[in-house]
Structure formats: structure tokens, C-alpha cells
Amino acid sequence: MSEVAELVARAREGQPRAVARLISLVEGASPRLREVMAALAPYTGGAYVIGLTGAPGVGKSTATSALVGAYRRAGRRVGVLAVDPSSPFSGGALLGDRVRMGEHASDPGVYIRSMATRGHLGGLAWSAPQAVRVLDAAGCEVILVETVGVGQSEVEIAAQADTSVVLLAPGMGDGIQAAKAGILEIGDVFVVNKADREGADVTVRELNHMLGLGETRRPGDWRPSVVKTVAARGEGIDEVVQALDKHRAWMEERGELARRRAGRAAREVETIAVTALRERIGDLHGDRRLEALAERIVAGTLDPYAAADELVAGVTNS
């Protein structure tokens, strides 16, 4: 049995070190990554992926921890990917959300991993989809993906999750921020956290009003739920789980879940293909073909688009 096959077998048994090693291979873009993905493929597709996003300070990590507790009480195995900003020195995760989820650290039914964005925009690490696949194959029934919380570039989570949860908090100007960031369009469930603060009801009212503006939903379409929570005390978390269950049931009933997952797989394939092409084009730097094309552009005998077509043709046919 190869090392990768052994790692996958151990991960399937729920051994955290094997899961950690597989995710490290993913993050490091290991030469064995293709072998890892091929070995995992037969065991994926069972996990429910929930994305959590929102501006810094709304309590994403606290809410994530509370959701982990709720799902564990229901007997579900849970995986958490907490995506953090990268350290400018080591390139690793800077904040370490595992510190804030310490109450679950000793639970064998929970796997928590901090991942660094490593400069990738959109609030996610570039390797997050593959890391989700590792947790899925390792038997996690629910996977919570918490984005970096950068304020206005987090919408990528909508393309990576089955259900997207947007967290807001009163007194943070979140109404304007949500509209500006395009977050209203990506949220399936909205959570107004820290609802014990003054202005929580106003935030809920404004949010419902904005969700209704220009609404073009047809009968039977999903209308995002708005739930109030005080995640630090566990208040409202059961209602969030109910909203998530309701959204999943709605998606399964209408085939939307299958469509979202197919779209997610298509985007992942596209990303891998584009990355491979970019690497092959990068290998041409210093190659005479690229220099010759550049010289023809400067001389006015070739335009950049025609040069790009010629370059792509040369790369894909070589």
C-alpha cells in the first residue's frame, strides 16, 4: 500500500494526524496531490458544506464554535476550516481560530484546521476546496468554512459552500456594508449576532427591508432567513441550525443542491486547468517564442490578442 493510500485509509478511520497530513499535502501543492485527490474521490460527496462570512468583529469564530456544539449534540461529525490572513513572515495562518474553539479541541468528533489565504483574494485559501474534500472523505458530515473576514472581498464563499451564512452585528454599519460588498446576494441565511446589543432589532428590520428591495423571487423561491443570536451564550444557535436544515431541504427538493455542487466542481476543474496553463506559460519566460511575439507587437506587425492566441495555441499543442 502506498503512503497516500495508507493516509487515506487512516483518515477514513478518523485519525486526526492522517487528516492533518493530507491537508498539508494539499496546502503545499505536493507532487502527490493528484494521487491524493484520486484516492479521496470515491469517498466524497456526503458532507454538507456551510460557509460563514462577515466583517471582522461580528463574532464568526464564536458563532462557528457554537454551531459545532449544536451539531455535535445532534451526533454529527464536524470539520472546520478557519481561513485566516497570512503572516507576512511565515506565510502561515495569522490569527489561529483554533484558539477560540478550544472547547472542541479534545473532541474526536471534531476536526479544526486553520488555513492561510497566502495572498488569495475572496476570503478563502486557494486550497480550500481540496481541503474540504479531505474532510468530506474523512467522514465529516458537516463542514464549516469560516472566511477570513476582510470586509468586501468575501463573496467567493458562495461558490464554495452548499449554504452561505452571513453574520452581521448591530452598531457596525453593517447594513451599508452588506449592500456595498454584494453580501445581500450571496447570503442564504443571515445571522444578526451580538443581539443583546442596542440596535439589534433595527439591524434585523433594515436587513429584511434591504432583502425585499427589488425582490424578483417567484413563488417557491428561497427567501433568506434572518436569525438573531448571542453566540457567546449559545442563544439563537438552534434557530440557526433550523434555518440551515430548512435551506438544505429546500435545495434537495428542487435539485438546487446538486446544481450547486456540479457548479462548484466545474469551477474547481477550471481553476486547476487555468493554473496548469499559467505555469506552462510561465515556463516560457526566457523562451524565444515569447520574446519573438513581444518584438512583433512592438514593431506593430502583431496585436496583443493575436499574440496571446498564438501563445495559447503553442502551449496547448506542445
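Reply: Begin with a definition: two strands pair if DSSP finds at least two bridges between them. Keep in mind that this is a predicted model. One case is in strand β6, where V191 is the bridge partner of L167.

Me: How many bridges join β5 and β6, and in which sense do they pair?

Reply: Strand β5, residues 163–168, pairs with β6 over four bridges, in the parallel sense. Another position in this pairing is V165, which stands opposite V189 in β6.

Me: Which strand do four bridges join to β6, running parallel, at residues 225–228?

Reply: That is β7; it and β6 run parallel.

Me: Which strand is joined to β5 by four bridges and runs parallel to β5?

Reply: Strand β1 is joined to β5 in that way. There, T53 stands opposite V166 in β5.

Me: Next, the two faces of a strand. Are the residues of β6 buried or exposed?

Reply: Residues are called buried when their relative accessible area is under 20%. In β6, residues 189–192, V189 and V191 lie on one side, F190 and V192 on the other, and all four are buried.

Me: Which residues have the most contacts inside the largest nonpolar core?

Reply: The general idea is this: in soluble globular proteins, nonpolar side chains tend to be buried together. Here the largest nonpolar core has 32 residues, and those with the most contacts inside it are I50, L67, Y71, L144, V165 and L244. Several elements each supply at least two residues of this core, among them β1, α4, β5, β6 and α10. The most comes from α10, which gives seven residues.

Me: What does Y71 touch?

Reply: Leaving out residues up to four places away in sequence, Y71 touches Y48, I50, R76, V78, V142, V241, L244 and D245. There is also a second, separate core of 29 residues, which includes L40, A138, C140 and A161.

Me: Now helices. At roughly what angle do the axes of α11 and α13 cross?

Reply: Two packed helices are described by the angle between their axes and the distance between the axes. For α11, residues 256–282, and α13, residues 304–317, the axes come within 10 Å and cross at roughly 100°. Therefore α11 is roughly perpendicular to α13. On the α11 side the contact is made by L277, R280 and I281, and on the α13 side by L311, V315 and T316. These residues divide into four nonpolar, one polar and one charged.

Me: Last, a loop residue. Is G46 buried or exposed?

Reply: A residue counts as exposed over 50% relative accessible area. G46 has 53%, so G46 is exposed. The place of G46 is in the loop between α3 and β1. Distance along the chain is worth checking as well: G46 and V142 are 96 residues apart along the chain, while their C-alpha atoms are separated by 8.8 Å. Not counting residues up to four places away in sequence, G46 touches D136, E141 and R248.

How values were computed
Residues are numbered from 1 along each chain as its sequence is written. This is a predicted model: local features need pLDDT of at least 70, side-chain atom pairs count only at pLDDT 80 or more; totals for chains, interfaces and linings use all residues. Side-chain values use heavy atoms; hydrogens and water are left out. Buried means under 20% relative accessible area, exposed over 50%, partly exposed in between (1.4 Å probe, protein chains only). Axes are lines fitted to C-alpha atoms, for helices over the stretch in contact, and angles run from 0 to 180 degrees between N-to-C directions. Angles under 35 degrees count as roughly parallel, over 145 as roughly antiparallel, 65 to 115 as roughly perpendicular and the rest as oblique. Contact means heavy atoms within 4.5 Å. Ala, Val, Leu, Ile, Met, Phe, Trp, Tyr, Cys and Pro count as nonpolar, Asp, Glu, Lys and Arg as charged, and the others, Gly among them, as polar. A nonpolar core is a set of buried Ala, Val, Leu, Ile, Met, Phe, Trp, Tyr and Cys residues joined through side-chain atoms within 4.5 Å.
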